[in-house]
Structures are given as C-alpha cells and as structure tokens.
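These are my notebook entries on a single protein chain.

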Amino acid sequence: MKIGFIGAGNMAQAIIGGILRNGIASKEEIIASAATNKTITKVATEFGIHTTLDNRETALADMLFLAVKPVYYKQVIDEIKDVKAKESQIIITIAAGKSIEWVENAFGGSRKIIRTMPNTPALVGEGITAVCPNSNITETELGNVMELLKSFGKAEIIKESMMDAVVATSGSSPAYVFMFIEAMADAAVAEGMPRAQAYHFAAQSVLGSAKMVLETGKHPGELKDMVCSPAGTTIEAVRILEKTGFRSSIIECMKACADKSRNL
C-alpha cells in the first residue's frame, strides 16, 4: 500500500514518523510532496522516503493525506482531482473548516473520504485525533486508518457535527497550554527560579495533572479540591484565577476558535 502526503509540514512529519516507528509501512511505501525543495529535502533526509515537488505524483497513492493549510485546499484539489488514482483510494483530510461535503464537491464526485483533526503533540507520540468517515468507507478500511492514526497518539471516531468543538478542544489547545506553561515559568523566574528549571517544573506539572485526569477518572473539580487545603496557598491562587476570569477566558477563546473553524 502506498501512503501519500500532499504537504510535508510538522503534522505530516509527525504522522510519517509514527507510521515508520510502528512499522505500519516501510519508507519505500511513503511519498510526500511539498511546495519547496527545502521542505522535501528535509523530509527525505530525516525519514528516507520518496519526495517530490509534483502533487499529481503523490495523488496516485492508495491512502492520500491532504496535509496542507485549509486556505490551499481548493488549489490543491483542483490540481489533483483528475488524477486517475485507484477507485479504492482513501483521502484523509486534516483541515479545520473543510467538511466532508465540501471536499466531495471540490473533487466533483463520490470519493472515499475520512475527515480528521490531529494535533501537534503527535510530534512526541501523544496526539489525539478526531476521525469522521463518509459513507463510502468500509469497516475494514476505517480499521486500517485508525491503526495508522493511533501510531502517533490516540484516535476516536466522532460525529462530524462535533468537529468544530474538536478544533477548539484539542486541535488548537496546545497553543493555550504552551501559553499557560510560559506564564507559570515567567512567574517562577520572577520568584528567583532559573528559567530552564522553571519550564521543567511547569511542564511536568501540566503533564502530571493531565495524566491524573486520564488515569483516575475523577472529575477535574474533585482533583482541584484535593490540592486546595483550608486557608492554604492553593485556594488563594484559585481565588485570584476566579477573580480575574480564568475559566471565562478559556471558554471564550475556545468559542472564538470554534466559530472561526465553522466559518472557514
């Protein structure tokens, strides 16, 4: 099976790395195209796969990832839609705001399409990918794609109506978390901690806290209460977060993110 990537940026590289690490396909079975020699040279050097500047060559793959930014989807699809790939070809999208119906219409006919939304923690094997197949995808085909997507993290099947929420909750949220870590580290530096150590402490605390939510099954509020001793330091910090609108800020930013995805 030939796996193709049109677009070879960070997300495509994360997926390629996961595929190769887990033996889902060999480097000889993967092809990637990009708009610049710089990108394809980097990818060829790092992964040893075949690369090309020709999207139409890549579009012959049995499983084709459209790994370009949403703004370039129409341009790329117009370029490749008349390529005579196999009828069994599966097209996997990873773009916010581009529905299955939109992609089908852009190709001008019925195709096997799986809409996904991964996130950048895939680069370290800890991504989470939302998956939504169209009606042309068989159970076997979906199982094969799920195996591939789980090679760089977790993957769950969702209703397409949830995809904009996914963009806000996992697709874009690493940026919010990085800002949170950076802010905590800045505060630690202000208290006298060396910056490298501050990043380490802040990031490890976020990692450990997330793991507690996933592994204990406890409500995040319950876990928060476990840290808040009466008249203690943590409840004082929580008081300030509530006073300055911490929760509301997160909710509003995610609402704006989902709205932007919905209207792309």
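This is a predicted model: local features need pLDDT of at least 70, side-chain atom pairs count only at pLDDT 80 or more; totals for chains, interfaces and linings use all residues.

Entry 1: burial of α1. I found α1 mostly covered, with nine of its 12 residues buried. I listed the buried residues as M11, A12, Q13, A14, I15, I16, G17, G18 and I19. I then asked which elements the buried residues of α1 pack against. They pack against the strands β1 (3–6), β2 (30–33) and β4 (63–66), and against the helices α2 (37–47) and α6 (139–149).

Entry 2: length of α1. I checked the span of α1, which covers residues 10–21.

Entry 3: α1 with α2. I looked up how these two helices are placed. Their axes come within 11 Å and cross at roughly 20 degrees. Angles under 35 degrees count as roughly parallel, and therefore α1 is roughly parallel to α2. The crossing of α1 past α2 is right-handed. I noted that Q13, I16, G17 and L20 of α1 make the contact with K42, V43, E46 and F47 of α2. Sorted by class, this contact has four nonpolar, two polar and two charged residues.

Entry 4: α8 with α9. I turned to another pair of helices, α8 (residues 173–190) and α9 (residues 195–216). The axes of α8 and α9 come within 8 Å and cross at roughly 135 degrees. This angle makes α8 oblique to α9. I recorded a right-handed crossing for α8 past α9. Which residues of α8 and α9 meet? From α8 I noted V177, F180, I181, E182, M184, A185, D186, A188 and V189; from α9, R195, A198, Y199, A202, A203 and V206. By class, the contact of α8 with α9 has 12 nonpolar, no polar and three charged residues.

Entry 5: the whole chain. I counted 12 helices and eight strands in the protein chain. Its C-alpha atoms fill a box of roughly 70 × 40 × 30 Å along the principal axes. Of its 264 residues, 39% count as buried. Among contacts with a separation of 6 or more, 60% are between residues 24 or more positions apart.

Methods: Residues are numbered from 1 along each chain as its sequence is written. Side-chain values use heavy atoms; hydrogens and water are left out. Axes are lines fitted to C-alpha atoms, for helices over the stretch in contact, and angles run from 0 to 180 degrees between N-to-C directions. Helices (H or I, at least four residues) and strands (E, at least two) are DSSP runs, numbered from the N terminus. Angles under 35 degrees count as roughly parallel, over 145 as roughly antiparallel, 65 to 115 as roughly perpendicular and the rest as oblique. A crossing is left-handed if the near helix is turned anticlockwise from the far one by less than a right angle, and right-handed if clockwise. Contact means heavy atoms within 4.5 Å. Ala, Val, Leu, Ile, Met, Phe, Trp, Tyr, Cys and Pro count as nonpolar, Asp, Glu, Lys and Arg as charged, and the others, Gly among them, as polar. The expected span of a helix is 1.5 Å times one less than its number of residues. Buried means under 20% relative accessible area, exposed over 50%, partly exposed in between (1.4 Å probe, protein chains only).
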